Amino acid sequence: MPDSITQPRFGVDLGGTAIKLGRVEGDQLVKRLEIDTPHDGELCLNAIADAVRELAAGDSIPSVGIGLPGVIDLDRSRVMEAPNLEFLGNLPAADMLSERLGCPVFLENDANAAAFGEAQVGAGRGVPDFLFLTLGTGVGGGVILNGHPFHGPGGMAGEIGHLTTGHDRQCGCGTVGCLEAIASARAMETLAAQDLGRPLPLKELATAAREGDKDALSVFRTSGLALGIALAQVALLLDLRIFLVGGGGAPTLDLLAPHALEELEKRCFGRTAQDFKLSEASLGNDAGIHGAARLS
Ligand SMILES: [Zn+2]
């Protein structure tokens, strides 16, 4: 087999509390490691280098990709802003890790890395243009154009979580009405606590809705309509028609999608609900590792 298939690749999902690393061969994530994140620049990079060497087990390391929650400079080598990884601020992180491992190192925003993973080996394979979004604690996103993440001139493209959807809830970003404040997994649980009068984990809320509970169904209608309003803005601007959803809220997509598609059809003239595909991403929590491993 050609080297490009057999040669291992190494991807890192660097978070504020944990670092997840994987060894990818072909389409498969064959080995993974998870370690606590040291909150010191040098120690963190040393820990990543040690873990990658452990995954390599003596094999050559052609390159390493790292996805992280923050803004990366346009050379993909330095962390410009990452609230949970402030210890990396102003360090030439890619070069420092590259020196330790003797191979090129590439940085990427974590949502873009996950989007790229889906584009390469997940639900977005063979789809040149799509939006990937995560419904988790917040709502993150990555725009794939021509098979690659679109960064924008400042590296900040894809922030679908802060598109305005017309409600009056306060968002963590300081403004009102963002998608994140009404359709993140956390926001849906908050809505449920208010509407049902008791806290309910999202999974149980979804079960109640599928069993016909009107209050639970109402939460998904509210969040689904807001999701559709945000996706319609993306569709109107870029004519994207495929939306892949990941994160803890993705398994509730069957409850959200009908309402989102209703708004998409209403707001996107010239297109019907059938023109859009709103479906679950396929790589789960491994999307970021897969994408990072393929950065170049
Ligand atoms: Zn916001």
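What you're looking at is a predicted model, where local features need pLDDT of at least 70, side-chain atom pairs count only at pLDDT 80 or more, and totals for chains, interfaces and linings use all residues. Residues are numbered from 1 along each chain as its sequence is written.

The chain splits into domain 1 (3-114 + 286-293) and domain 2 (126-280), with bounds that come from an automatic or database domain assignment. Their C-alpha centres sit 28 Å apart. Where they touch, domain 1 puts in eight residues and domain 2 puts in 10 residues; two residues are in contact if their C-beta atoms, placed from the backbone, lie within 7 Å. On the domain 1 side, β5 (71-72) and α4 (110-121) each supply at least two residues, and α4 gives the most, with three residues. Those names follow DSSP runs, numbered from the N terminus: helices are H or I with at least four residues, strands are E with at least two. That side of domain 1 has six nonpolar residues, one polar and one charged. Here Ala, Val, Leu, Ile, Met, Phe, Trp, Tyr, Cys and Pro count as nonpolar, Asp, Glu, Lys and Arg as charged, and the others, Gly among them, as polar.

Now look for an open sheet of five strands in the order β3-β2-β1-β4-β7, with mixed pairing; strands pair if DSSP finds at least two bridges between them. At the edges stand β3 (28-36) and β7 (105-109), each with a single partner strand, so one side of each has no neighbour in the sheet. From one strand to the next, the twist averages 20°. Strand β2 (residues 18-25) runs antiparallel to β3, joined by eight bridges, and Gly-22 has Arg-32 as its bridge partner in β3. Two helices pack on this sheet. Helix α2 touches β1 (9-14), β2, β3 and β4 (64-68), its direction making about 30° with that of β2. Helix α4 touches β1, β4 and β7, and its direction makes about 100° with that of β7. For these angles, axes are lines fitted to C-alpha atoms, for helices over the stretch in contact, and angles run from 0 to 180 degrees between N-to-C directions.

Helix α2 (residues 41-56) has a helix partner too: its axis and that of α3 (residues 93-101) come within 10 Å and cross at roughly 40°. That makes α2 oblique to α3, given that angles under 35 degrees count as roughly parallel, over 145 as roughly antiparallel, 65 to 115 as roughly perpendicular and the rest as oblique. Among the residues making the contact are Leu-45 and Ile-48 of α2 and Met-96 and Arg-100 of α3. By class, this contact of α2 with α3 has eight nonpolar residues, no polar and one charged.

Next comes another open sheet of five strands, ordered β10-β9-β8-β11-β12 and also mixed in its pairing. Its edge strands, β10 (148-149) and β12 (277-280), each pair on one side only. Strand β11 (residues 242-246) pairs with β12 in the parallel sense over four bridges, and Ile-242 has Lys-277 as its bridge partner in β12. Helix α9 (residues 253-267) packs on this sheet against β11 and β12, its direction making about 165° with that of β12.

Finally, the axes of α6 (residues 185-196) and α8 (residues 214-238) come within 9 Å and cross at roughly 140°, which makes α6 oblique to α8.
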